[in-house]
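Please examine the following model together with its sequence. A short exchange between two colleagues accompanies it.

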Amino acid sequence: MRKVQGNDSFQRMNYLYQISKDMADKNPILSAYYGNLIIGVAKKTVLKVHPDIKRQLCKKCRCFLVHNVTANMKIKKKNKSKTVELQCSTCGAKRSFPAKTDKDYRVWVEKPDAVVEVIH
Ligand SMILES: [Zn+2]
């Protein structure tokens with residue numbers, strides 16, 4: 001394991017992340033609230049939000065995006081490349097990102113082990 005600086009913030013973000021995730025299907029507004037806190041903590045510290053986590057938060061309202069719960073997911077194919085498009089059900093904002101395979105998509109959705117990382 002690599003050494004983590006700003007450990008308190010790291011744990012706080014992990015904690016907020018879990019709450020945001022848990023709240024997604026119960027209360028999207030609260031989920032968005034905690035999503036905003038994650039971004040807030042990241043801005044105050046040297047920590048940055050892991051790209052995988054950023055992808056799971058709506059870029060507009062910061063609600064935790066869960067397929068078929070708080071977001072609608074479409075996979076668009078263009079030639080050989082695939083794009084995953086997520087639309088937030090709370091505020092309607094869309095975001096898309098490249099996906100090599102469906103399997104890759106599931107990996108970061110279901111197993112986001114590393115929530116934050118340190119900027120050097
Ligand atoms: Zn949203």
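Predicted model: local features only at pLDDT ≥ 70, side-chain atom pairs only at ≥ 80, totals over all residues.

Modeller: Residues are numbered from 1 along each chain as its sequence is written.

Colleague: In what order do the elements of the protein run from the N terminus on?

Modeller: Helices (H or I, at least four residues) and strands (E, at least two) are DSSP runs, numbered from the N terminus. The protein has four helices and five strands. Their order is α-α-β-α-β-β-β-α-β.

Colleague: Which residue in strand 3 stands opposite Ile75?

Modeller: Two strands pair if DSSP finds at least two bridges between them. Strand 2 (residues 71-78) and strand 3 (residues 81-88) pair in the antiparallel sense over eight bridges. They form a hairpin with two residues between them, and Asn79 in the turn has a positive phi of about 55°. Opposite Ile75 stands Val84.

Colleague: Is Lys94 buried, partly exposed or exposed?

Modeller: Lys94 lies in strand 4 (residues 94-99). A residue is buried if 20 or more other C-beta atoms, placed from the backbone, lie within 10 Å of its own, exposed if 12 or fewer, and partly exposed in between. Because Lys94 has 14 C-beta neighbours inside 10 Å, the residue counts as partly exposed.

Colleague: Beyond its neighbours within four places in sequence, which residues is Lys94 in contact with?

Modeller: Two residues are in contact if their C-beta atoms, placed from the backbone, lie within 7 Å. With those sequence neighbours left aside, the contacts of Lys94 are Glu85 and Gln87.
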